[in-house]
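Colleague: I would like to learn how to read the features of a model like this one. Could we take them one at a time, with the rule before the case?

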Amino acid sequence: MSKIIYFNGKFVDEKEAVVPVTTHALHYGTGCYEGIRAYYDAGSNSLLGFRIEDHFKRFENSCKVMHIKLPYSAKKLTEITLELLKKNFAETDVYIRPLAFKSDPAIGNFDLSKLKDSLAIYCIPLGRHYEEGKGLSAKISSWIRVSDNMIPPKAKITGSYANSCLAKTEASLGGYDEAIFFTKDGFVSEGSTDNIFIVKKGKIYTPSASNDILVGVTRNTIVQLCGDLKINVMEKNISIRDLMEADEVFFTGTGAEIAGVTKIDGKNIGNGSMGEITEKIKKAYFELVHGKNPKYSKWISKVSG
Ligand code: PMP
């Protein structure tokens, strides 16, 4: 897949979408990106892009932080992405990666406002991140989440993913599936590339934007779905005790989708199996992204094969 890539205003062959080793973003992490999913629907032989324009709205905000000028609006970028999906159509779930970055040479160039920008959008086939039905084991990371006045985590900046990679690597080497970041103030923040929710006595809690999280599109989707399911969701500062004593814990993200956590640092969460509320939300989420919830049809963009 993605033999065709959108690169600086044109659809080109993947071999042509390359950058020199001198590129600024490669040295200093001066780029912004997004991760978007499109689900293959065999019934209609089409790809169902999920909340593409909302991802591009977040992309616009991320790019503002990094002084990256996007050539088009979120609406136009959505249209370009649908064209890209059409050109690369395959009968599989797809992950779409927009990337905007500083493309001038790196050395001696630290004023972002004076540097040139590039934009690429490509897609790859992507199934489930985690094995179906398997509860994840998570490690409380030794690494602290980057905070708002270091590299703003509300912006999806390539450089801050070194922080995510360190946490994920530590977790993997220790035999865990995922990491849980805390903030510098000692509250739960998020996973390496996903938001986190805890369930206690039938109510759901999640860290707020002030807990150094990326405000996830999936997180927002879940909050709306929980409203429909009459499950109460509240933002709060979550302590280690809240986390370890939760009845259920789950991650949300475009890539991870809805992933239940059944063990943290070796300790069972709840009874150590997938939680009932997590399963209920996961089912509702999968129906929604597969276009089976008419209330949210506005979030789905269809590309026919
Ligand atoms: N936090 C981080 C650090 C992420 O990288 C992601 C993935 N984009 C998320 C949360 C989840 O965001 P979304 O639901 O928009 O994919």
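Modeller: Start with a charge over a ring: NZ of Lys or CZ of Arg must be within 6 Å of the ring centre and within 35 degrees of the ring normal. Before the cases, note that this is a predicted model, where local features need pLDDT of at least 70, side-chain atom pairs count only at pLDDT 80 or more, and totals for chains, interfaces and linings use all residues. Residues are numbered from 1 along each chain as its sequence is written, and side-chain values use heavy atoms, with hydrogens and water left out.

Colleague: Which residue lies over the face of phenylalanine 11?

Modeller: That is lysine 87, at 4.9 Å from the ring centre. A second case is lysine 298, which lies over the face of tryptophan 299 at 5.1 Å from the ring centre.

Colleague: How do I read contacts between rings?

Modeller: Rings of Phe, Tyr and Trp (its six-membered ring) pair if their centres lie within 6.5 Å; planes under 30 degrees apart are stacked, over 60 edge-to-face, and the rest tilted. The structure holds 10 aromatic pairs. One of them joins tyrosine 6 and phenylalanine 11, edge-to-face, with 5.4 Å centre to centre and 70° between the planes. Tryptophan 299 belongs to an aromatic cluster with Phe50, Tyr285, Phe286 and Tyr296.

Colleague: Is tyrosine 6 buried or exposed?

Modeller: Buried means under 20% relative accessible area, exposed over 50%, and partly exposed in between (1.4 Å probe, protein chains only). Tyrosine 6 counts as buried because its relative accessibility is 3%.

Colleague: What should I look for in a helix?

Modeller: Helices (H or I, at least four residues) and strands (E, at least two) are DSSP runs, numbered from the N terminus. An α-helix has 3.6 residues a turn, so residues three or four places apart point the same way. The expected span is 1.5 Å times one less than the number of residues. Helix H3 (residues 74–87) has 14 residues and reaches 20 Å from first C-alpha to last, close to the 20 Å expected.

Colleague: Which residues of H3 are buried?

Modeller: They are Ala74, Leu77, Thr78, Ile80, Thr81, Leu84 and Leu85. Seen down the axis, these fall within an arc of 165°, so they line one face of H3. The arc is that of the directions from the helix axis to the C-beta atoms. In helix H4 (residues 161–173), the buried residues are Tyr161, Asn163, Ser164, Ala167 and Ala171. They cover an arc of only 145°, which puts them on the same side of H4.

Colleague: And strands?

Modeller: Two strands pair if DSSP finds at least two bridges between them. Take strand E15 (residues 257–264), where 7 of the 8 residues are buried. Strand E8 (residues 136–144) pairs with E15 in the parallel sense over 3 bridges, and leucine 136 stands opposite valine 261. Strand E14 (residues 248–253) pairs with E15 in the antiparallel sense over 5 bridges; here phenylalanine 250 has glycine 260 as its bridge partner. E14 and E15 form a hairpin with 3 residues between them.
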